[in-house]
Amino acid sequence: MAPDGGDPAAPVICVDGPGGSGKSTLAALLADSLQWRHLDSGALYRLVAAAALERGMSLEDREALAGLAARLDFRFEDADPAVSGEAPGPDIRSEPVGAAASTIAAYPELRSAILSRQRAARRPPGLVADGRDMGTVVFPDAPLKIYLDANPEVRAERRNKQLKNKGLNVSFRALLVGIHERDARDRERAAAPLKPAGDAVVIDSTAMNLDEVLGQALALVRERGLDR
Ligand code: C5P
């Protein structure tokens with residue numbers, strides 16, 4: 001057992017990629033099919049951002065934000081991670097929370113405040129973890145790393161559909177601008193920038209449907225013997 005509570009012997013599949021690439025959906029389906037746990041790491045950054053917005057905190061106060069991240073009691077039991085004892089704040093899937101999450105995710109002190117809690121999710125029979133730095137920083141020894149990409153227009157279209165299904169209406173243009181801004185912030189930051197790990201398998205889902213992406217991912221799972 002590692003000091004952070006995780007089990008380094010448990011296998012991990014990392015699914016990293018930009019927003020709207022479908023990585024959370026793919027990770028949830030893989031976890032379901034293998035009966036492994038699922039860590040949606042982006043939800044943790046979103047929960048910290050929502051809690052900060054709810055408290056009216058400045059998004060520039062790195063130290064206070066890292067302190068907040070260290071104090072929050074994340075719960076992973078439900079399909080969507082949540083925080084115990086928090087008043088319901090803004091919807092963590094909303095665009096303002098996503099933008100705030102991407103701003104505060106650039107702070108190294110905040111990232112290290114939640115690092116051990118991500119590693120603690122690594123427990124038998126296995127973990128499927130999605131985010132930006134699962135393969136590069138959080139689980140560098142994972143036996144399978146997938147980097148899921150898609151062009152920005154397709155990602156904006158997918159996000160648009162997701163939001164519409166939730167009854168939220170945001171213009172396609174605004175979504176596309178937001179995606180470009182967030183991509184730039186996530187890729188250009190010094191701390192854990194978004195990039196494929198050297199040993200990641202890159203899947204470009206621009207012209208693929210979900211079944212095709214899942215099929216490719218499951219083929220990799222079998223190839224690596226992770227389904228036994
Ligand atoms: O994946 P999702 O869009 O929910 O992530 C929200 C934000 O959290 C991203 O824009 C990114 O800046 C940040 N994030 C991160 N590292 C992760 C997961 C998410 O920096 N592992």
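Let's start with D40 and R93, whose side chains meet in a salt bridge at 3.0 Å, N to O. By salt bridge I mean a side-chain nitrogen of Lys or Arg within 4 Å of a carboxyl oxygen of Asp or Glu. This pair links distant parts of the chain, 53 residues apart: D40 sits in strand 2 (residues 37-40), and R93 in the loop between strand 4 (82-83) and helix 4 (95-104). Helices (H or I, at least four residues) and strands (E, at least two) are DSSP runs, numbered from the N terminus. D40 is buried, with a relative accessible area of 8%, while R93 is partly exposed at 22%. Buried is under 20% relative accessible area, exposed over 50%, and partly exposed in between, with a 1.4 Å probe and protein chains only.

A quick note on what we're looking at: this is a predicted model, where local features need pLDDT of at least 70, side-chain atom pairs count only at pLDDT 80 or more, and totals for chains, interfaces and linings use all residues. Residues are numbered from 1 along each chain as its sequence is written, and side-chain values use heavy atoms, leaving out hydrogens and water.

Next, please find K145 and D199, which form a salt bridge at 3.0 Å, N to O. K145 lies in strand 6 (residues 144-149) and D199 in the loop between helix 8 (172-188) and strand 7 (201-204), so the pair ties together parts 54 residues apart in sequence. K145 counts as buried at 5% relative accessibility, and D199 as partly exposed at 46%.

And how many salt bridges are there by this rule? The count comes to 11.
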